[in-house]
Amino acid sequence: MRLLTKHFLMLLLFIAPLAVMAQLSVSGTVTDANSNPLSGVSVKIRNSNSGTSTDAEGKFSINIPGSRGVLEFSYVGFTTQSVTIINSTSSLVVKLVAANSNLDEIIVTGSRALPRSSATTPLPVDNLDVSVLKTTGQTTFDKALQYRVPSFNTVNTPVNDATTLLDPYEIRNLGPSRTLILINGKRKNLSSLLYVQFSPGRGETGADLSAIPTDAIKRVEILRDGASAQYGSDAIAGVMNIILKDRYQYSTLTLKGGVTGKGDGATYGLAYNGGANFAGKGFINYTVDFSQQDNAVRSGIIDVPTEIATFGDPTQPLTSQPNKAIVDYLKVYPNANNTNGTGEITAAKFNYNLGIPINENTFFYSNAGFVAKKAISNANFRTPYWRTDAGLLHNRIPGAPNYTGGNDPLYEGYIGYRPSFEGDLIDNNATFGVKSEKNGWKHDVSLTLGSNQQLYTVENTVNRSLGTASPTAFKPGGYHFSHIVGNYDVSKSLTDNFSLAFGTEIRNETFKIISGDTASYSKEGANSFPGIRAENASTNSRFNFGAYVDASWDITKDFLLNGAFRTEKYSDFGNASVWKLSSRYKFADDKVIIRASASTGFRAPTLHQIYAQSTQASFVAGTIQLSGLFNNRSKQAFLLGVPRLKPEKSDNYTIGLGITPNRNLSFTFDYYNITIKDRIVYSSSISTSDPNTQLYQILQAAGVVQANFFINGIKTRTSGIDYVASYRNIPLGKAKLGVNVAGNVTISNEILGSPNNPKAISDAGGDILSAQIRSLLTESRPKFKTVVGLDLNVQKWNFNLTNTVFGPTKFQDLDNGGSIMNNIKQVFNTAVVTDLNIGYDITSKVSASFTVNNIFNVLPKWKLELTGKTSDPDYNSAKATLASPPDKSLLEGFLSFSGRYRILGYNGSQFSQLGTIFNASVTFKF
């Protein structure tokens with residue numbers, strides 16, 4: 001018996017390791033019904049947390065413990081498929097079938113395919129997998145889009161303040177407020193910030209795209225067409241749907257860092273993505289992201305003649321005061337101690353996406369995001385010949401001369417001061433909903449909450465009007481925006497070729513203006529950033545209700561017709577109704593399609609545009625002056641004859657062509673034409689020196705020298721062409737090459753007719769649209785933009801080389817008290833920015849990536865060009881100015897605040913001013 005037991009134990013010891021080691025190795029490809037590879041398909045071992053996903057070519061590889069297992073293949077928009085595995089294989093092919101049920105569908109903007117742009121949908125849709133965005137090396141989601149989507153533009157503004165917290169962006173040159181942002185198909189809340197700087201996006205607001213951690217994103221779909229009939233207000237230029245990661249595959253920890261070629265602007269970051277699958281189709285996927293960005297300084301050398309023309313007396317010699325003080329100061333401090341560039345930003349982000357099956361036909365879902373961000377930036381350095389503020393006399397250099405241009409011994413050794421700006425932002429959003437299906441009817445009911453708050457601090461500055469009693473730190477107030485959105489959507493395929501959808505949306509929005517401490521706004525207010533006055537603080541809300549119907553009819557297997565109608569009622573301005581028709585026709589065995597759409601749209605004025613009112617410091621003609629923004633409901637706006645804001649109305653037309661010769665090669669060309677009536681603009685600064693005008697009396701009563709306001713002021717037309725060409729899986733020995741070319745060309749971006757000037761302004765010779773504002777609206781973004789990318793995969797290596805061509809950009813600024821700038825423009829030359837990303841899979845669990853952005857250190861370059869007609873009254877003066885080197889140099893100095901903002905100009909925009917940037921990351925899989 002003892003001998004038998006011994007042999008039995010030996011047998012167990014021999015078999016047990018084999019049982020443990022037994023496994024099936026499975027690899028293969030997942031495609032759709034047309035044999036197109038599907039990227040990002042979840043491949044999971046049933047009754048296990050183990051799994052993987054398909055790569056860009058639809059390929060996967062996985063090991064199954066034991067001698068038998070079941071693999072589950074799931075992908076949004078397709079029916080989940082199970083495959084029983086009893087033998088190892090390296091050639092498994094799984095074809096997923098498009099789902100008839102929309103139970104788990106969260107895509108609302110178009111195609112399920114993953115080419116760069118879909119050539120089969122009835123509307124132009126960009127599809128961007130998160131892996132494509134990560135190869136840009138950019139540290140935030142919005143900047144990654146800048147280098148992958150030609151029609152999308154954003155840039156760090158030369159002047160910061162509150163815009164350090166987020167930069168303006170836009171699609172098709174139409175401003176941030178005309179692109180609707182969705183997260184998993186639900187409306188993202190707006191930022192509380194109203195852009196007031198002279199930069200693209202002036203007078204508008206948009207969602208904070210930088211608040212969304214890239215590691216939480218599965219892919220992004222951008223519908224490049226008006227969609228107000230489906231989604232309501234804001235969708236004039238298009239819709240961006242950010243689709244979050246869902247089914248858990250594996251956890252990742254990414255460590256990342258970077259620095260500019262000048263050794264500043266360092267970035268550090270850590271992102272963790274994890275989750276779990278449960279209860280069959282249940283899942284939770286969450287991301288935690290921490291990042292730090294140091295400031296990068298791009299100050300220019302001061303142009304002495306311009307500085308003297310601004311702060312001194314150009315009629316006097318350099319040896320006379322105050323000119324001598326300026327010259328002496330700039331000999332010691334050539335950049336006037338300015339530290340402009342990009343700000344310092346610290347951010348913590350959290351995001352989750354959750355799905356819980358309640359029963360076979362009912363699914364609970366939720367997602368939420370939270371970001372806390374602090375931004376610190378520097379205002380222009382207040383040199384002693386500019387500002388002599390006794391409250392900051394600790395800024396002394398012993399033995400230094402008096403740089404004020406005066407003889408007061410109090411200012412001996414005084415070198416000035418640099419105000420700082422701090423912004424604290426909290427942005428959050430959350431959605432809770434239930435999807436269900438009964439008798440073929442699909443129901444989706446949801447509640448979405450979102451808010452954005454910004455509070456500001458300014459330090460190392462004074463309120464001069466308070467004298468020695470002034471503090472040196474202030475709380476100038478801030479803003480808060482929130483919304484509550486309820487949606488109920490129903491859809492059904494009534495026949496094999498006809499489907500119907502309808503639904504409702506209710507939304508409540510609240511905008512709060514938070515006043516600053518008294519010292520921040522008393523009299524002159526805090527220098528560099530006056531606070532929000534108590535009388536301007538307010539809380540305002542509105543409510544709107546909308547309903548839509550959407551029908552799709554496959555007249556034949558090749559001919560699709562879709563129509564939608566929507567009506568909305570707003571509590572503050574009334575009703576809006578819009579419609580849309582779109583169609584697609586396929587021929588040549590579905591390899592060629594023609595698509596077109598016609599629609600009307602609307603954009604409700606934001607609460608920011610209706611109620612914002614403030615007094616703020618602005619750089620005007622070389623000095624800082626106070627100007628007033630009167631809200632649309634104010635007494636001053638009424639006296640000026642400014643009517644109450646109403647919604648913008650748009651007419652959108654598109655026609656496109658899609659060609660797919662084979663599954664790896666595709667082309668799309670889409671023409672668009674968008675006309676916006678009653679477009680809301682933030683007016684020019686209105687002022688007059690004529691005391692006999694009504695305008696003068698209104699401004700004097702308000703206590704300001706200039707006035708701004710919002711008005712339905714203009715009609716515009718924007719047209720252009722988007723094109724995309726993609727050729728994938730080109731064999732090069734053991735490597736595979738992909739080529740992508742995507743571009744946007746603006747054909748026209750023009751103001752039609754004359755602006756709607758109120759009578760009090762036109763009687764005083766004023767205009768709500770100065771040459772500067774016209775230029776901002778029509779030509780401040782690149783005339784064209786093309787992204788040319790090469791992707792090379794060689795075993796464990798991946799190389800991505802991208803050239804982004806930024807076309808010419810123009811900007812027409814104001815002259816120093818004159819009007820010759822009506823015939824002179826600041827023109828940025830066409831430039832090519834080259835980026836290289838190298839990725840390497842060190843092991844199956846560890847990968848590294850290294851990116852060089854802007855390899856050749858290309859910076860925006862501008863020159864002054866003569867414009868207009870010879871018959872213009874100031875044409876000859878402008879021509880003479882450009883022909884005279886001293887006068888031309890002086891004018892260039894005015895446009896860059898005496899050279900402080902030499903790269904982009906004080907108000908310019910084209911692409912990043914930072915030059916070469918190095919970024920690296922290491923990702924660990926668990």
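The model is a predicted one.

- Strand S1 (residues 23-31) and S4 run antiparallel, and seven bridges join them.
- These two strands belong to an open sheet of three, in the order S4-S1-S7, with mixed pairing.
- Strand S4 (59-65) and strand S7 (89-95) are the edge strands, each pairing on one side only.
- On average, neighbouring strands of this sheet are turned by 35° against each other, direction ignored.

**A sheet of five strands**

- Another open sheet holds five strands in the order S8-S13-S14-S11-S12, and its pairing is mixed.
- Strand S8 (125-129) and strand S12 (186-187) stand at the edges with a single partner strand each, so one side of each has no neighbour in the sheet.
- Inside this order, strand S11 (residues 179-183) and strand S14 (residues 238-244) pair in the parallel sense over five bridges.
- To find this pairing in the model, look for isoleucine 181, which stands opposite methionine 240 in S14.

**Strand S33 and its partners**

- Strand S33 (residues 665-682) is mostly covered, with 13 of its 18 residues buried.
- One partner is strand S32 (residues 648-662), which pairs with S33 in the antiparallel sense over 12 bridges.
- S32 and S33 form a hairpin, with two residues between them.
- In this pairing, asparagine 662 stands opposite leucine 665 in S33.
- S33 also pairs with strand S35 (residues 710-732): the two run antiparallel and are joined by 16 bridges.
- Here valine 681 stands opposite isoleucine 711 in S35.

**Salt bridges**

- The model has 44 salt bridges.
- One of them joins arginine 224 to aspartate 722, with the closest N and O atoms 3.0 Å apart.
- Arginine 224 lies in the loop between strand S13 (217-223) and helix H4 (228-231), while aspartate 722 lies in strand S35, so the pair ties together parts that are 498 residues apart in sequence.
- Both arginine 224 and aspartate 722 are buried.
- Arginine 717 forms a salt bridge with glutamate 750, the closest N and O atoms being 3.6 Å apart.
- Because arginine 717 lies in strand S35 and glutamate 750 in strand S36 (residues 735-752), this pair ties together parts that are 33 residues apart in sequence.
- Arginine 717 is partly exposed, at a relative accessible area of 29%, and glutamate 750 is partly exposed as well, at 33%.
- Lysine 825 and glutamate 779 meet through their side chains in a salt bridge of 2.9 Å, N to O.
- With lysine 825 in strand S40 (residues 824-828) and glutamate 779 in helix H12 (residues 771-779), the pair ties together parts that are 46 residues apart in sequence.
- Lysine 825 and glutamate 779 are both buried.
- A network of salt bridges links Glu505, Arg507, Glu509, Arg542 and Asp572.

**Aromatic rings**

- The count of aromatic pairs comes to 27.
- Among them is the edge-to-face pair of tyrosine 329 and tyrosine 385, at 5.7 Å centre to centre and 85° between the planes.
- This pair links distant parts of the chain, 56 residues apart: tyrosine 329 is in helix H6 (residues 323-332), and tyrosine 385 is in the loop between strand S21 (362-378) and strand S22 (420-438).
- Tyrosine 329 is buried, with a relative accessible area of 0%, and tyrosine 385 counts as buried at 8% relative accessibility.
- Tyrosine 570 and phenylalanine 602 have ring centres 6.3 Å apart and planes at 80°, so their pair is edge-to-face.
- Tyrosine 570 in strand S27 (residues 559-570) and phenylalanine 602 in strand S29 (residues 592-603) are 32 residues apart, and their pair links distant parts of the chain.
- Tyrosine 570 is buried at a relative accessible area of 2%, and phenylalanine 602 is buried at 0%.
- Ring pairs also link Phe311, Tyr329, Tyr333, Tyr385, Trp386, Tyr403 and Phe897 into a cluster.

**Charges over rings**

- Arginine 172 lies over the face of tyrosine 672, 3.7 Å from the ring centre.
- Lysine 435 has its charged end over the ring of tyrosine 365, 5.4 Å from the centre.

Notes: Residues numbered from 1 in each chain as written. Predicted model: local features only at pLDDT ≥ 70, side-chain atom pairs only at ≥ 80, totals over all residues. Heavy atoms only, no water. Pairing = 2+ DSSP bridges. Helix = DSSP H or I, 4+ residues; strand = E, 2+ residues; numbered from the N terminus. Buried < 20%, exposed > 50% of the residue type's maximum accessible area, 1.4 Å probe, protein only. Axes fitted to C-alpha atoms, helices over the stretch in contact; angles between N-to-C directions. Salt bridge = Lys/Arg side-chain N within 4 Å of Asp/Glu carboxyl O. Phe/Tyr/Trp six-rings, centres within 6.5 Å; stacked < 30°, edge-to-face > 60°. Lys NZ or Arg CZ within 6 Å of the ring centre and 35° of its normal.
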